[in-house]
Amino acid sequence: MNILIATPLWPPELGGPANYAKNLAREFRKTGHSVEVVSFVKKISRTYSEDSKFVSFVSLKFPTGLRHFLLFGKLLSKLHRADILLALDQFSVGLPAAVACLLLRKPLILRVEGDFLWESFVARTRKDITLPEFYKKTPPLILKEHFIKKVTDWVLRRADYLVFSSEWRRTMVLKSFNISLGKTVIIQNVWPSVSNQLPVIPRSPQVTGNPAEG
């Protein structure tokens with residue numbers, strides 16, 4: 001398959017979507033799929049790894065709206081030769097991805113992680129409210145946050161499949177938005193084996209007898 005991935009971040013930028021996108025693209029390529037990636041980036045550098053050769057970047061230095069339009073243009077230029085588009089968030093790249101797929105009639109798979117609406121509310125109000133509490137009883141929102149919620153709702157409904165990493169997150173989204181359970185799937189995050197992470201410590205030679213007698 002020809003797979004196009006839209007991600008808000010790419011290494012060496014920090015953040016979960018960056019490593020997730022890189023590892024996912026690498027594994028797809030290992031199994032014989034063709035992969036291209038479009039990502040936002042703070043600063044375009046020539047020191048990116050070998051994995052970045054198939055990545056197109058849009059600078060975050062552009063103002064909001066313009067950078068989303070530029071990312072939409074890059075997606076549109078690559079989507080015509082892709083079989084599917086995989087978007088790794090439901091707003092910053094999710095909206096341009098959903099519009100591009102709508103225009104070219106391509107399937108959209110959306111990974112639902114993070115929450116721009118909740119993050120925006122917490123950043124504005126400085127209230128200590130968890131994500132489940134926020135959606136259990138959504139507090140009063142300002143116009144910008146209502147817009148984010150409307151866009152998120154449209155993108156979620158527009159996607160052909162929604163990927164969640166946990167059941168509790170899927171349940172929360174299904175209760176908060178008009179989403180069909182039939183187009184959702186849970187794919188848990190993969191964690192490296194602990195045995196592969198711990199250093200091997202050589203064992204000291206075993207001492208026989210009483211050391212005090214030596």
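View 1. Arg105 is exposed, with a relative accessible area of 78%, where exposed stands for over 50%, buried for under 20% and partly exposed for the range in between (1.4 Å probe, protein chains only). In this predicted model, local features need a pLDDT of at least 70 and side-chain atom pairs count only at pLDDT 80 or more, while totals for chains, interfaces and linings use all residues. Residues are numbered from 1 along each chain as its sequence is written, and side-chain values use heavy atoms, with hydrogens and water left out. Arg105 sits in the loop between α3 (94-104) and β5 (108-111), helices (H or I, at least four residues) and strands (E, at least two) being DSSP runs numbered from the N terminus. The phi of Arg105 is near 55 degrees, a positive value in a residue other than glycine. Arg126, in the loop between α4 (116-125) and α5 (131-136), likewise has a positive phi, of about 60 degrees, and is exposed with a relative accessible area of 70%. Most residues other than glycine have a negative phi.

**View 2. The largest nonpolar core and the surroundings of Leu108.** A nonpolar core is a set of buried Ala, Val, Leu, Ile, Met, Phe, Trp, Tyr and Cys residues joined through side-chain atoms within 4.5 Å. The largest one holds 39 residues, of which Leu75, Leu85, Ala87, Leu108, Leu110, Leu156 and Leu162 touch the most other members. When residues up to four places away in sequence are not counted, Leu108 touches Leu85, Ala87, Ala97, Ala98, Cys101, Ala159, Asp160 and Tyr161, a contact being heavy atoms within 4.5 Å. Apart from this core lies another, of 14 residues, among them Trp10, Phe54, Val55 and Ile84. In soluble globular proteins, nonpolar side chains tend to be buried together.

**View 3. Ile148 in helix α6.** Ile148 lies in helix α6 (residues 143-158) and is buried, with a relative accessible area of 2%. Leaving aside neighbours within four places in sequence, Ile148 is in contact with Phe91, Phe116, Leu117 and Ser120.

**View 4. Thr184 in strand β7.** Thr184 belongs to strand β7 (residues 184-186) and is buried, with a relative accessible area of 10%. The side chain of Thr184 makes a polar contact with the side chain of Arg170 (3.1 Å) and reaches the backbone oxygen of Leu181 at 2.7 Å. A polar contact is a pair of N or O atoms within 3.5 Å; within protein, one must be able to donate a hydrogen and the other to accept it, and residues adjacent in sequence count only if both atoms are side-chain atoms. Not counting residues up to four places away in sequence, Thr184 touches Leu162, Phe164, Arg170, Leu174 and Ile179.

**View 5. The whole chain.** The secondary structure of the chain comes to eight helices and seven strands, and 42% of the 214 residues count as buried. Among contacts with a separation of 6 or more, residues 24 or more positions apart account for 57%.
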